[in-house]
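Colleague: Could you walk me through how to read a few features of this model? I'd like the general idea each time, then the case here.

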Amino acid sequence: MARFWPTAIFYAHPVSYSSYTHPQPNRIILGVKGMILLWHRRRISNFLIPVLLFFLGLMLGAWLADCQPLAALVGRTNRLLPIYSVGTTEKKVALSFDATWGAEYTPKLLATLKQHGVKTTFFLTNIWLKKYPDVARQIAADGHEIGLHSASHPHFTALSPAEMEKELQENSRMVTEVTGYKAELFRPPFGDYNDTVIRTVERLGYRAIQWDVDSLDWQEQMTATDIYNRVVKGIKPGSIVLFHNNGRYTADVLGPLLDKLKADGYQVVPVGQLILKGDYYVDHAGVQRAGR
């Protein structure tokens, strides 16, 4: 027994001592790699978490903006906007036609509207009224709404308030002289506006109207099928659709489009009948909503 214990101690202690004082190289490498990996993970987390929270906030804000009454909290904007569309669940939409150049296809367009028993809105410039007064009178005689589109079709953001006022007053005067209609709506040429434009328009008692569905019927490369599909895809309850009275294929598209809208349960009304009266606000997306 006396010979056994020293031997046991001799073989036990070196193993323990060596393991403690001389760590294995592989364990050191693994430890360093682990620390580097942990550091990278923390860096990635510190970057990704704020980014994800930011985008989640945007998505939540957009969703809340369309939910009443929460839209009152997050859907408003300090910027002044025209009315792009109307927030409604009723399947009502408005078709609108800007008239500045030409009238070749307008008689066919008016005939199609009369055939379908549909009333729409025409935004007329003085440029067009001077050249086609008889067509303008026919528009009014058929019961369509007439809105202002300026006297000379300038970029309104390049004008002073006084120049804007002159454009609107001259346009209003000629619309009344030619058609007998007293306009209440205005569409800025080129859809060009800023706070000063909207403020001036509203000060003069008009409502600024934009659109949420652009047919692009003025573009040369657009076919009748392209225009039809674009409008059908974009339209929804409360939409305001932009056309031009003399687009090459606008009159051809109008009949099939009206048939489609009727089949889908939509009622087509003038812009003035679509937009809300009384207390309303225009949210960050240009949607007119009831309330203060």
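Modeller: Gladly! Start with contacts and how far apart their residues sit in sequence. In this predicted model, 76% of the contacts between residues at least 6 apart in sequence join residues at least 24 apart.

Colleague: Which secondary structure elements does the protein chain have, and what share of its residues is buried?

Modeller: The protein chain holds 11 helices and 11 strands. Of its 292 residues, 40% are buried. Its accessible surface is about 16900 Å², and carbon and sulfur atoms account for 59% of that.

Colleague: Which strands are joined to S8, parallel or antiparallel?

Modeller: Strand S2 (residues 92–99) runs parallel to S8 and is joined to it by five bridges; there, alanine 94 stands opposite isoleucine 240. Strand S7 (residues 213–214) is also parallel to S8, with two bridges, and aspartate 214 has leucine 242 as its bridge partner. Between S7 and S8 the chain passes through helix H9 (residues 224–234), making a right-handed β-α-β crossover.

Colleague: What does the side chain of aspartate 283 reach?

Modeller: The side chain of aspartate 283 reaches the backbone nitrogen of alanine 285, at 2.8 Å.

Key:
Residues are numbered from 1 along each chain as its sequence is written. This is a predicted model: local features need pLDDT of at least 70, side-chain atom pairs count only at pLDDT 80 or more; totals for chains, interfaces and linings use all residues. Side-chain values use heavy atoms; hydrogens and water are left out. Helices (H or I, at least four residues) and strands (E, at least two) are DSSP runs, numbered from the N terminus. Buried means under 20% relative accessible area, exposed over 50%, partly exposed in between (1.4 Å probe, protein chains only). Contact means heavy atoms within 4.5 Å. Accessible areas come from the Shrake-Rupley method with a 1.4 Å probe; for residues, only the protein chains shown count as cover. A polar contact is a pair of N or O atoms within 3.5 Å; within protein, one must be able to donate a hydrogen and the other to accept it, and residues adjacent in sequence count only if both atoms are side-chain atoms. Two strands pair if DSSP finds at least two bridges between them. A crossover is right-handed if, with the strands pointing away from the viewer, the path from the first strand over the helix to the second runs clockwise.
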